[in-house]
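Please keep the sequence and the three-dimensional view at hand while reading.

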Amino acid sequence: MRFVGEPHHDGSALYVSSREPALGSRVTLWLRAPRAAGITGVHVRTVCDGEPRYTEARVDESRTGARVGGYGADDVWWHAEVTAVNPVTPYRFLLHTGRGQFWLTAAGPVAHDVTDAGDFRLVCHQAPPSWMSDAIVYQIFPDRFERSGPMPDLPDWALPRDWDRDPVIPSGPGTAQQFYGGDLDGITRRLDHIQGLGADTVYLTPIFPARSNHRYDAASFEHVDPLLGGDEALHRLAGALHARGMRLLGDITTNHCGDAHEWFTAAVSDVNALEREMFYFDPHTGDYESWWGVKSLPKLNWGSELVRSSMRAVLKKWLGPLDGWRVDVANMTGRLGRDDHNHEVAAMLREQLGAQAAFIAEHNHDASHDLDRDGWHGTMNYGGFTRPVWAWLRGPELDLPHFLGVPGGVPDRDGLDTLATFRAFASHMSWRSLTHSWQLLDSHDSPRIRTVTGSRERHLLALGLQATLPGTPMVFAGSEFGLTGINGEHSRTPMPWNRPHDQDLDTLAAYRDLLGLRRAEPALRHGGLRWLHADADCLVFARETYEESLLVCVRRAPGPALSMGAQAQGVYNAPDGDVIPGDGPSLSVWRITR
């Protein structure tokens, strides 16, 4: 296999003695290397107070020669103890061999000098809540999930739609005004379905009153929209989830509010109003800044103490029924021209939420500069997961105008390019941030994964990657039925509870099986990640704990059989033995036995 001979380290418990080190504490690091790599010595380079320091590593006799995780009796383990000097302490390994020196960073081994951007990291900031490490998130767009009764009385500007007869308007007039009548009590009625998939955390897109179906133009943060059932319905939903041991996340817009929000209406009606400082008004024209020039979404000015105190109160107010927040356009929050309060704001709000609330940032490209700063626990990992999965598993007939905002459509990339993207993005954040980021195949803001892949077979390969790679799986409601959609609006299809022709039951069964597998296997939730092989049509990797290793093979097309180098027991769609068959498209999982 292509990568079996590489030395390896990651941030999991197999390689780092503490994933939650205290500032100033001592931490043991392990490096695993095949004897064939010919490593004669190892130093750990840490960057402490901005200056590199080197610690000599020694062979760990207790691990060397042992089958750690069931794999690798021929591996040599090195270990060294370092100090977490700073809140984020970067480190890498210097490998000495008869062929010269090599660096091992989170991006992999290299024979030339590289910047510190890809270094491993010890993070001493307050750790995310422990429950997040096991979470499987289920995203719901409330208007389209389930209706508990007749269509409520709608405001004059709303466009009523029939749940099972009227297709979603994908763009143009009426897009934001179409209402199907889904509500929070409807969600409560369907918790058996959500829990049956293996999900334990429900994430709701905005639930506050607004003048759109998406509700990102909040008119208030004080109460839940009566169209969704009001505050009481939220408490009923939260109570039902908590009784099952499940959790509930909200969606907050820290970058902007709606132009009907009481903060903005006060600011725009009186130039002397206290609320005026909460927004960016041009002193000469009276015009105001808004999200991407959309005037219904006035931008909040985080230089204002009133914004800070008001938003802190909003986030804290809803804790109890909510177990945390996903933050809309978190990358833009607090940023405008020369203003950049983003990291300060993220840290301030996370501290306000306390130690048990989740805090996830929306970011659809490179979030690495905003993570590991005592703010967001993780990101919606479009850049490091969604995009490479789409590019590897896109259908041959796919014709989309852009690639999650990038002009030119979704490119067709091979497995080597896909792996390079996975590793590049993962190397620019800590293991903690990676594992607490949401790995999503689609969302209410994107085309559906079934549309991107063009087939059930490739859709389920994507699901297999989501269920087996590090990170928190996030499933957009409806993808388990194979629903389609060409853009975010079109993907917000009402759930097909009463439309059997829109229910792909084989896909539904696969979601239950694969997310159930993740739920059942600790190595898939907490294990390290070691890449073992990649070619154009095949990716092979191991998820490892000290006790066991699971080997995963994903093929988008048939290829040559591969030797595992060990005996293995089939866990999912896999025969017992020591060979990975060449059948494809296929997803297979084995447990290494010896």
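How does Arg26 count at 46% relative accessibility, as buried, partly exposed or exposed? Arg26 counts as partly exposed in this predicted model, since its value lies between the 20% below which a residue is buried and the 50% above which a residue is exposed.

**Charged pairs**

The side chain of Arg26 meets that of Glu81 in a salt bridge, with 3.2 Å from N to O. Because Glu81 belongs to strand β5 (residues 75–83) and Arg26 to strand β1 (residues 26–34), the pair ties together parts that lie 55 residues apart in sequence. Glu81, with a relative accessible area of 40%, is partly exposed, and Arg26, as stated above, is partly exposed at 46%.

Lys295 and Asp287 meet through their side chains in a salt bridge of 2.9 Å, N to O; Lys295 is partly exposed, with a relative accessible area of 31%, and Asp287 is partly exposed at 41%. Arg335 and Asp340 form a salt bridge at 3.1 Å, N to O, in which Arg335 is partly exposed with a relative accessible area of 23%, while Asp340 is partly exposed with 49%.

| Salt bridge | N to O distance |
|---|---|
| Glu81 and Arg26 | 3.2 Å |
| Lys295 and Asp287 | 2.9 Å |
| Arg335 and Asp340 | 3.1 Å |

These pairs are among the 38 salt bridges that the structure holds. Salt bridges also link Arg32, Asp75, Arg530 and Glu544 in a network. Across the protein there are 57 positive and 75 negative side chains, and the centres of these two sets lie 4 Å apart.

**Overall form**

The protein contains 14 helices and 29 strands. Its radius of gyration is 25 Å, close to the 25 Å given by the globule rule for 594 residues, and the protein is therefore as compact as a globular protein of that length. Taken along the principal axes, the box filled by the C-alpha atoms is roughly 75 × 55 × 45 Å.

Of the 594 residues in the protein, 60% are buried. Among contacts with a separation of 6 or more, 68% are accounted for by residues 24 or more positions apart. The accessible surface of the protein comes to about 22400 Å², and carbon and sulfur atoms contribute 50% of that area.

Methods
Residues are numbered from 1 along each chain as its sequence is written. This is a predicted model: local features need pLDDT of at least 70, side-chain atom pairs count only at pLDDT 80 or more; totals for chains, interfaces and linings use all residues. Side-chain values use heavy atoms; hydrogens and water are left out. A salt bridge is a side-chain nitrogen of Lys or Arg within 4 Å of a carboxyl oxygen of Asp or Glu. Helices (H or I, at least four residues) and strands (E, at least two) are DSSP runs, numbered from the N terminus. Buried means under 20% relative accessible area, exposed over 50%, partly exposed in between (1.4 Å probe, protein chains only). The radius of gyration is taken over C-alpha atoms; the globule rule is 2.2 Å times the number of residues to the power 0.38. Contact means heavy atoms within 4.5 Å. Accessible areas come from the Shrake-Rupley method with a 1.4 Å probe; for residues, only the protein chains shown count as cover. Lys and Arg count as positive and Asp and Glu as negative; His and the chain ends are not counted. The place of a charge is taken as NZ of Lys, CZ of Arg, CG of Asp or CD of Glu.
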